[in-house]
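Reader: I am new to this structure and would be grateful for a guided reading. May we proceed by question and answer?

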Amino acid sequence: LPISDADFRRFISVRALMMSSGLSAPFFILLAQQAEDEKGILSLGMFILVSGVASISSGFVWGRLSDLSSRTVMQITAAGTALVCVAGALISELASLSVYWLLALYFLLSVIHEGVRVGRKTYVLDMAGGEKRTDYVSVGNTLIGILLLIIGLLSAAIASLSLTWVLTGFAVMSGMGFVLGFRLKDV
């Protein structure tokens, strides 16, 4: 079983902590809705456009970097997610909310999330050779799916109290993912 493999367990731990790159995105949109109530639909359209541009413009770069070292890509994206979430939390608390600042952060987060996706896929495929790949991917996706439900519910509950706390929590998760990334074997 893949669970008995220490390298796989470390990978799943880092991958679970990096879920914050995808889970934090809707909270930036919620912050934007608070910033400009009357332009909600326009703002949502802008966020969708920004996400698409980020995905198209960054996938190739992340792919090339992942071919060199997917572990490094996972660490860079974990650190980047932490910084973007901290910036979002600070903006939500200290400054008047501007959709343009939030769009810029959302663009960065979308670029980073593309790196998370490419880095983790490349890492698991390089880590598990041959027939182990199917087992590692299926067990990993099942575990992450369960954790996504749990963390998604917890973050929604916390968001009802404060969006700043949610973004701070995601920043802490990503920071922990960055640190644990040093324990990943370079494959």
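Author: Let us begin with a term: contact, or touching, means that heavy atoms lie within 4.5 Å. The model discussed here is predicted.

Reader: Not counting residues up to four places away in sequence, which residues does Ser 66 touch?
Author: Ser 66 belongs to helix 4, which covers residues 40-94. Residues up to four places away in sequence are set aside in the list of its contacts. With that exclusion, the residues that Ser 66 touches are Val 73, Val 118, Gly 119 and Thr 122.

Reader: Is Ser 66 buried or exposed?
Author: A residue is called buried when its relative accessible area is under 20%, and exposed when that area is over 50%. The relative accessible area of Ser 66 is 1%, so Ser 66 is buried.

Reader: In which helix is Val 118 found, and is Val 118 buried or exposed?
Author: Val 118 lies in helix 5, made up of residues 99-127. Its relative accessible area is 18%, and the cut-off for a buried residue is under 20%. Val 118 is therefore buried.

Reader: Which residues does Val 118 touch, not counting residues up to four places away in sequence?
Author: Ser 66 has Val 118 among its contacts, and the list for Val 118 likewise includes Ser 66. With residues up to four places away in sequence left out, Val 118 touches Ser 66, Trp 62 and Gly 63.

Reader: How many Å apart in space are Val 118 and Val 61, C-alpha to C-alpha?
Author: Along the sequence, 57 residues separate Val 118 and Val 61. In space, their C-alpha to C-alpha distance is 9.9 Å.

Reader: How many helices and strands does the chain have?
Author: Read along the sequence, the pattern is α-α-α-α-α-α-α. The secondary structure therefore comprises, by DSSP runs, 7 helices and 0 strands.

Reader: What is the radius of gyration of the chain?
Author: For 187 residues, a compact globule would have a radius of gyration near 16 Å. The value for the chain agrees with this expectation. It is 17 Å.

Reader: What share of the contacts with a separation of 6 or more comes from residues 24 or more positions apart?
Author: The count takes in contacts of the chain with a separation of 6 or more. Within it, residues 24 or more positions apart account for 86%.

Reader: Where in the chain is confidence highest?
Author: The mean pLDDT of the chain is 89. Confidence is lowest in helix 3 (residues 25-35), at a mean of 85. The highest mean, 96, belongs to residues 163-181, helix 7.

Notes
Residues are numbered from 1 along each chain as its sequence is written. This is a predicted model: local features need pLDDT of at least 70, side-chain atom pairs count only at pLDDT 80 or more; totals for chains, interfaces and linings use all residues. Side-chain values use heavy atoms; hydrogens and water are left out. Helices (H or I, at least four residues) and strands (E, at least two) are DSSP runs, numbered from the N terminus. The radius of gyration is taken over C-alpha atoms; the globule rule is 2.2 Å times the number of residues to the power 0.38. Buried means under 20% relative accessible area, exposed over 50%, partly exposed in between (1.4 Å probe, protein chains only). pLDDT is the predictor's confidence in each residue, from 0 to 100.
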